[in-house]
Amino acid sequence: MATLESLKRALRQKATAAAVGAKQLLSDAQYSAGYDAFTQGRGWVTYQDFIVPQLSQLLTPLVNSRVHISVLEIGPGGVSILGYLPDHLRRKIKRYTAFEPNGLFATNLEEWLRSASGETEFPLPSLETAPNIHQIPFIVEDCGENGTSIGIGLGDDDKYDVVLFCHSMYGMNPKHKFIRRALEMLVEQSQDGLVVVFHRDGLYLDGLVCHRTASFPTGEIRVVDDDEALDSFSAFIAGFTTQDEAVQAGWRDVCRSMGRHEGAPCQGKLVFSAPEIMAAFTRHATALPELTAEVPLADGDRAVKNREARFHRPAVTVRPTELRHVQYCVQWALRHDVALTVIGGSHSGHCLWPNVVAVDMSYFDQLRVVVSEEECGEDSETLILAGAGCKAGDIVRKAMEAGLTVPLGARPSVGAGLWLQGGIGHLSRLYGLACDAIVGAVMVSMTTGGIVSVGCIPSQHRPAGAVPPDAEETDLLWAMKGAGTNFGIVVSVALKAFPAPTYSVREWAVPLHDNLEARNKIAEFDKSVAGELPRNFSADAYLYWTNEMLHLGVTMFETSTTGAGSQECTPLAMTISSILGEQASFKVVNGAGVFETEMYMSGMHGGHGGGKTSSFKRCLFLKNIGEAIVASILVAAVESRPTPFCYLHLLQGGGAVRDVAAEATAFGCRDWDFACVITGVWPRNQDGTEAAIATVSWVYHVVGELLPTSCGAYGADLGPDPRDVPLIAKAFGQNLPRLARLKHGLDPRNVLAYACPLPMEPMEPKLIILVTGKSGAGKDFCAGHWASVFTNHSLKARVVSISEATKREYAATAGADLNRLLHNRAYKEEHRPSLTAFFQSQIQHRPRLLEEHFLNVVYSTADVDVLFITGMRDEAPVATLSHLVPDSRLLDVFVTASKKTRHVRRTFCDQDIGVRIKDSKDNRVGEMAEDGKTALDYSPSFVFDNETIGHGPAREYAERYLLPFFGQGLQQLTKMVRSVPDFLRLSIQFRHVLGISQHTGGLALCTSLLESHFDGDWAKVGVVACCEAGGFVYAPPLAVRVNVPLALIREAGKLPPPTVSVAKSPSHISSSGPSAPSERIEIGRDAIPSGSSVVLVDDVLATGETLCAALQLLGKVGIGTENISVMVVAEFPAHRGRERLRRQGFGMVKIQSLLVFGGA
């Protein structure tokens, strides 16, 4: 599938070869016809999924700081993209001007801006003056000796908050002059005005630096495969038309040969790749001279290893030679609100980025072997101090001089970016990852540009002026061990050294004749070879294609600090030989020589394609690669390779890697057997061609196939590509919220925006809604409309089916068609029995499968505000799963419908598969009430009766019950809860919930929210009950507000008789004190009339001990669980209070909480 850029070159070459004479400019009608392909079908997806969200994100801070804004749009076409922005952004636009030289477009634009009928309002409803449409081009001319530029059609006093070029810079050359003119047209007194460009080709702007950029590499354009459509399309792409019929026929042939065919030839569609970029500029875009006057430029011949990065032309590359130069770079970036990239070993595809300043750290290549000091808090040990410009090979050779080594990666040319983000190598099983060896670092802060000394850096090697981390940076060393490229520019690191071993290296190359043999051999290798190796051994495996046959290559590394290994026939050696056959080679090398023993460097494809190749890779962590599911995907991946050079590299883990707890470092993936590096390789002379694009797509396709079976992803390769978003969540897992908070605090201006991307905002508790119910109730229908309600209120919402992971695994094992399994109802029904049996088998082998799938869905959607999960049918899912996402609010909505209605809908709606814990015949789950709706033995958060036809009731329900969780009142209440670290005991992040009452208006606000969020009918409530002491603060004003009697639950002995009492275990906070004896609580025997409806109010729900005792007490005075609701101000899901209450028989009690917090 060709890109539009390569198609344009081919079309123009065709015209040149045919010696076309007169090239005619496109008429307005011809241009309009060709343009249609870009705004319809798949072309509109780019607008919907990239342009509108990116523009909304850019404009939000601007409109929040203004009463209104003015916009100048260049070349909007017949409809402005501004009309598709969220309502609150469109309403801020008070003045609109456009340059649109196409007469048809200009007329359509004016009509569209004036269009409003019935319920449809104007696209820009708040314009104070009529839109000003100039039917002329936006032209820039040089005027006078000073080179001042002017734009034809506008006066010098005509200024705007935003200037927008959306696919309108084609033919504008040189482009930087048009951007400079647009910058001059921004409102002068404003520093946050924006020039925003969306463009389909590379956009390189001499002398300008971007405020922010983004890319959308998966954009596509589809065109109907018929002669008339192709004539229009090809002329539009070429930029001119011709009457030469031979050229037109040749253009059609070019389109058909370069496009990907969908459907029958000349009947279906042709698909072309249309990657998109966004570049935003502020007035600071011209500030480069200020930087280059202070910091030396890099030499023009600086070699960048990563071929992908070489295609990114930076604004400039500077090469600091002093620490103050690095500081100046950061201070300059902070002053002008721009980003930086950092070049270390230059293996990263994003060490260079278009129109962004790159900082080359190669000068800082000093290496020292030192002994740590007592002040470092460690026993005396030897450290390697390595500058950020050092390479792995340099460090190993320097350490070897002292008889030492450091566990670095497997490539001698990798730099600091690898060590800071993991570092997997042949010593990982023995000594751990490279990031585990980091004990200290010197870095430049992203908040001030100051020098920070983190961890163990011997005093004589700390730079002058270096300071320890302040209170906000205490977690910095933790973060650097796995995500260290995100929080500052690292100048040097201190690495713990280990005894240098000798390596005995053995190789095998095993031909595999068919798929069955390949899967069996992988299983044997996994179980009987890799699974039996001691820690001082590691086995790398390669799956690759050569000599028209699939091969399994194995390189085994034996390390010893006492001498070389031998080739004696040990039992292990005999087992390995029986599986892999006779070894192809045996070498004994030192730490420097081991780099050259990599099979892909020495034995595959003529030594990595003879060194004349480019590559692209992503890495996932796998367990049990011999399982049929995983092995099948691995084999199929290599069989589907787009070039002969693509391969899979499996590096063995376990050992010391697994010894470190996942939460001990930012590198959160520890429990894996192999790191699977999916490596796409193509000939270097095909860089930038369709072959390279197809290879990158293959890598991501294989990643998508393996992701559901993986246990993590490697963050070192990941960057700003939106296809990396689900991998970033997998890379950091449970550590991601903590990293997001640190990123927000330590790089608040996102200067390091192009490192492995972390969420820039703290990951505030998002809303996760589990949509459950019987088949045919309309769960997917409801979820879709509920999500749209949130989207209409400028919240990012997504619907995901949890059953998709099971379907993917089943398809890989059974050879089923995954696409049909996901989207074809009849096909799914055909496979349903086998799919159900497959899932039950998986549950037996992986008892925590539901939790795995749930967390995979949550982590892969970390960027959304509201997540709807469908396809789940286990019991009491909130009680079961909420502790897994303690920083999020987890709710479930049970969708009901009558048996008759569900039966009718099942003809059209898919039944959920693959996520049941209990069989549907379980009496408690499958039991039917008299009205044909499901009876439950637990109380869902909400129940929605989806009996009515149409989407109106569903949307109204979301507005009434779900949307309020993002209300301003709850946000205000959250801010009133003070966080107190290490209160009562170390490691507790105490939340002072009772402190709400100390804020002016706090108690009134909380009371109001308790009343409005109650899901029941206050008119039917007989009594409000409360527990001492927290409940005593919040229940009385609520009882007064709703005019209901108050019943007090107190410590035994504090109420006059007659009373009823029960034993109560200490609460979570009480048990944190110096003593925590058990106690009894009591209530007046006649305080509540028997059979009354009771709302039990307390300040917190943590372990559930207090509420459990209170519910038992209410039972003793004749109140059944079906008549009790619980309302708490704050919930702490990590302590699993809901689960405890359900185990104690209180699953039917409705529990509602205003706030949700992680921690204590």
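This is a predicted model: local features need pLDDT of at least 70, side-chain atom pairs count only at pLDDT 80 or more; totals for chains, interfaces and linings use all residues.
Student: Which residues of helix 26 are buried?

Tutor: Buried means under 20% relative accessible area, exposed over 50%, and partly exposed in between (1.4 Å probe, protein chains only). In helix 26, residues 804-814, the buried residues are Ala805, Thr806, Lys807, Glu809, Tyr810, Ala811 and Ala812. Their cover includes helix 20 (628-639), helix 27 (818-823), helix 28 (825-845) and helix 29 (849-859), where contact means heavy atoms within 4.5 Å.

Student: How many residues of helix 23 are buried, and what do they pack against?

Tutor: Helix 23, residues 725-732, is mostly covered, with 6 of its 8 residues buried. These are Leu727, Ile728, Ala729, Lys730, Ala731 and Phe732. They pack against helices and strands, including helix 15 (476-483), strand 27 (613-622), helix 22 (690-706) and helix 29. Just after helix 23 comes Gly733, with a positive phi of about 50°.

Student: Which residues have a positive phi although they are not glycines?

Tutor: Two cases may be examined here. Asp337 has a positive phi of about 55°, and its place is in the loop between helix 11 (323-336) and strand 14 (340-343). Glu548 has a positive phi of about 60° and lies in the loop between strand 24 (537-546) and strand 25 (549-560).

Student: Are Asp337 and Glu548 buried, partly exposed or exposed?

Tutor: Asp337 has a relative accessible area of 24% and is therefore partly exposed. Glu548, at 74% relative accessibility, counts as exposed.

Student: Where do cis peptide bonds occur?

Tutor: One joins Asn173 and Pro174, with omega about -10°. Pro174 is in the loop between strand 6 (162-166) and helix 6 (175-184). Another joins Pro1057 and Pro1058, with omega about 0°; Pro1058 lies in the loop between strand 39 (1046-1051) and strand 40 (1059-1064).

Student: What describes two packed helices?

Tutor: The angle between their axes and the distance between the axes describe them. Axes are lines fitted to C-alpha atoms, for helices over the stretch in contact, and angles run from 0 to 180 degrees between N-to-C directions. Helix 7 (residues 227-238) and helix 8 (residues 245-258) pack at about 90°, with their axes 9 Å apart. They are therefore roughly perpendicular to each other, the term for 65 to 115 degrees. Among the residues in contact are Leu230 and Phe233 of helix 7 and Trp251 and Cys255 of helix 8.

Student: Which strands pair with strand 42, and in what sense?

Tutor: Two strands pair if DSSP finds at least two bridges between them. Strand 42 pairs in the parallel sense with strand 38 (residues 1023-1027) over 4 bridges, and in the parallel sense with strand 43 (residues 1124-1131) over 7 bridges. Leu1096 of strand 42 is the bridge partner of Ala1025, and Val1126 in strand 43 is the bridge partner of Leu1096.

Student: Why is strand 42 described as largely enclosed?

Tutor: Because 7 of the 8 residues of strand 42, residues 1094-1101, are buried, this strand is largely enclosed by the rest of the structure.

Methods
Residues are numbered from 1 along each chain as its sequence is written. Side-chain values use heavy atoms; hydrogens and water are left out. Helices (H or I, at least four residues) and strands (E, at least two) are DSSP runs, numbered from the N terminus. Angles under 35 degrees count as roughly parallel, over 145 as roughly antiparallel, 65 to 115 as roughly perpendicular and the rest as oblique.
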